[in-house]
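Thanks for coming, everyone. Let me put the model up and walk you through a few places in it.

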Amino acid sequence: MNFELKIFNSSSATHEKCDVSLILVTNAFKAGKDALSVLIAKALKSGDLAAKAGQLLDIYRPVGFLTPRVVLVHIAEGAAADVQKAVSAAYAVIKSAKPSHIKISFLLQPTPQMLRVALTTLVDASYVYTSTKSDRQGRSVTRVVVAVPDEKALQACFDRSVAAVNGIELAKEWGNRPANHATPTHLAGVAKALSKFARIKVDVLGPKEVSKLGMGAFEAVAKGSDEPLRFIVLHYTGAEKTKAPVVLVGKGITFDSGGISIKPSAEMDEMKFDMCGAASVLGVFRALAELQPNINVVGLIASCENLPSGRSVKPGDVVTSMSGQTIEVLNTDAEGRLVLCDALTYAERFKPAVVLDIATLTGACVIALGAVRSGFFTSDEPLAAALLSAGETSQDLCWPMPLDDAYAQGLKTSFADVANVAGRAGGSITAAKFLQRFTSKYRWAHFDIAGTAWKSGSAKGATGRPVGLLLDYLLDTKG
Ligand code: BES
Ligand code: MN
Ligand code: ZN
């Protein structure tokens with residue numbers, strides 16, 4: 001897809017060579033003498049375009065306009081959620097016409113957030129999955145032009161938005177691919193392919209190297225499957241080598257059957273999405289590759305399958321993590337924390353400024369926060385504020401969750417230093433408390449994206465979250 005930011009004037013909005021011209025109208029609209037604003041003013045006055053976010057008027061071949069289809073869409077006060085609603089409503093009506101060239105015009109200068117949301121919503125809505133279909137007819141949209149009154153003021157925001165959508169799309173695509181088409185080896189291949197971009201280097205470790213590092217928790221999860229594990233290390237070096245990196249750690253379970261503690265069959269297919277944390281790390285690197293910012297970022301992905309077999313780890317088995325802590329595996333379905341704990345220990349070697357892990361970790365987080373906000377856990381107040389704010393600017397929302405020590409009670413066991421599960425209560429928090437034991441050497445936050453990484457039901461599919469959030473955190477947080 002091709003993106004371009006242009007200056008808006010009312011004649012270009014109606015004379016651009018495109019299939020559809022989307023005109024975003026706010027409450028602050030003031031009519032001028034030009035044909036477009038006369039049209040809008042009439043539509044508003046007659047009530048044919050109601051002043052409510054998402055209301056639209058679809059106009060075919062308006063007299064005097066070059067553009068064959070003009071869609072007026074109201075965005076009320078222009079709040080991010082309203083822009084999102086408006087753009088997805090507009091795409092829903094034009095979708096069947098399979099538009100190729102779309103122009104989105106803001107009559108009044110939008111905020112950076114409005115521009116970002118308009119673009120991410122349009123790209124998201126027009127995505128078509130084809131990788132494992134015989135009909136390879138993908139998205140119809142090939143070119144998106146965005147017009148704003150002062151384009152120079154928004155160029156940087158536009159560039160970031162384009163990088164974000166490319167990263168989000170990579171995360172979505174790999175999240176969607178079925179487990180037999182997205183193995184740990186495939187994910188390592190995606191990472192390797194990213195190393196063709198400037199400033200990116202990638203190392204891939206296999207079972208032997210992981211064993212040598214003493215990652216007994218990660219190994220325990222992987223050993224039930226014939227598919228070999230991969231530990232993927234990505235480096236983006238945009239600043240002095242001496243500058244401490246932010247380390248992103250992704251859970252990359254390419255299929256989570258639960259292992260010996262096997263899951264019920266219903267909806268088990270959705271456990272192909274259990275690598276969406278890993279996919280979000282890859283997505284962020286895709287965006288960094290494009291933007292080339294002056295920062296250092298390390299990506300760590302622990303990837304394997306969680307399957308039952310004669311070689312699987314069993315409930316009650318005790319394994320030794322890379323940190324030296326022993327873990328009693330009371331439930332083999334709590335595998336995410338097992339692969340992550342070793343990756344978190346590995347992260348120490350980078351003397352990180354901050355470590356963020358991203359994981360589809362618990363069903364309990366879906367119950368707590370649903371599909372709207374990702375949960376995050378940190379006891380670092382400035383970090384919490386920065387993450388919450390990155391969620392707002394990117395409209396990839398998140399919400400802080402508690403980490404009181406009292407929540408760790410249930411992880412106690414007589415047979416190891418720690419158990420991998422506590423009771424059912426507060427399941428997302430006890431999981432975070434488990435991870436916290438491996439993060440004493442640096443500033444850390446954990447994202448539970450179990451509710452936000454993919455949509456279930458008829459619109460089943462990965463969302464590419466939280467690539468947008470992570471990107472804004474990396475680019476907007478100084479020091
Ligand atoms: N990948 C799942 C978490 C999950 C479940 C995400 C459903 C989205 C939807 C994770 O590995 C898991 O199985 N967690 C268990 C933990 C439990 C055994 C303590 C869970 O949430 O049930
Ligand atoms: Mn599991
Ligand atoms: Zn899992």
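Start with this one: is Glu335 buried or exposed? Glu335 is buried, with a relative accessible area of 0%. Keep in mind that this is a predicted model.

Where is Glu335 in the fold? Look in the loop between strand 12, residues 326-328, and helix 10, residues 336-347. Leaving aside residues up to four places away in sequence, Glu335 touches Val221, Lys251, Ile253, Asp256, Asp274 and Asn306. Some of those names come back in a moment.

Now the metals. Take the zinc ion, ligand 3. Its protein donors are Lys251 through NZ, Asp256 through OD, Asp274 through OD and Glu335 through OE. They lie 2.0 to 2.4 Å from the zinc ion. Along the chain, the spacing reads K-x4-D-x17-D-x60-E. Lys251 sits in strand 9, residues 246-256, while Asp274 is in the loop between strand 9 and helix 9, residues 276-291, so the pair ties together parts that are 23 residues apart in sequence. Both are shielded. Lys251 is buried at 1% relative accessible area, and Asp274 is buried at 1% too.

What is the geometry of the zinc ion site? It is octahedral, with six donor atoms and angles of 78 to 173° among them. As a reference, ideal octahedral angles are 90 or 180 degrees.

Next, the manganese ion, ligand 2. Its donors are Asp256 through OD, Asp333 through both O and OD, and Glu335 through OE. The distances run from 2.0 to 2.2 Å. The spacing in sequence is D-x76-D-x1-E. Here too there are six donor atoms, but the angles span 71 to 168°, which makes the arrangement irregular. To be called octahedral, donors that are not opposite must stay between 65 and 115 degrees, and opposite ones must be over 155 degrees apart. Asp333 is partly exposed, at 23% relative accessible area.

How far apart are the manganese ion and the zinc ion? They are 3.2 Å apart, and Asp256 coordinates both. Glu335 is on both donor lists as well.

Let's zoom out. The domain assignment gives domain 1, residues 2-126, and domain 2, residues 167-476. Their C-alpha centres lie 39 Å apart. Eight residues of domain 1 are in contact with 10 residues of domain 2. The area buried between the two is about 640 Å², with carbon and sulfur atoms giving 35% of it. On the domain 1 side, Gln113, Arg116 and Asp124 supply 66% of the area buried against domain 2, more than any other three residues.

Two salt bridges are found across this interface. Also look at Arg116 and Asp472. They form a salt bridge, with the closest N and O atoms 2.9 Å apart.

Last, some backbone points. Most residues other than glycine have a negative phi, and most peptide bonds are trans. Now the exceptions here. A cis peptide bond joins Arg465 and Pro466, with omega of about 0°. Pro466 is in the loop between strand 19, residues 461-462, and helix 14, residues 467-476.

Arg199 has a positive phi of about 70°. It lies in the loop between helix 6, residues 184-194, and strand 7, residues 200-205. Gln292 also has a positive phi, near 50°. Find Gln292 in the loop between helix 9 and strand 10, residues 296-306. Arg199 is partly exposed at 34% relative accessibility, and Gln292 is partly exposed at 24%.

Conventions: Residues are numbered from 1 along each chain as its sequence is written. Chains are lettered from A and ligands numbered from 1 in the order in which they are written. This is a predicted model: local features need pLDDT of at least 70, side-chain atom pairs count only at pLDDT 80 or more; totals for chains, interfaces and linings use all residues. Side-chain values use heavy atoms; hydrogens and water are left out. Donors are N, O and S atoms within 2.8 Å of the metal (3.2 Å for Na, K and Ca); water is not among the atoms, so sites may look incomplete. Four donors count as tetrahedral if all angles lie between 85 and 135 degrees; four count as square planar and six as octahedral if opposite donors are over 155 degrees apart and all others between 65 and 115; anything else is irregular. Helices (H or I, at least four residues) and strands (E, at least two) are DSSP runs, numbered from the N terminus. Buried means under 20% relative accessible area, exposed over 50%, partly exposed in between (1.4 Å probe, protein chains only). Contact means heavy atoms within 4.5 Å. Domain bounds come from an automatic or database domain assignment. Buried area is the accessible area (1.4 Å probe) that two parts lose on being put together, summed over both. A salt bridge is a side-chain nitrogen of Lys or Arg within 4 Å of a carboxyl oxygen of Asp or Glu.
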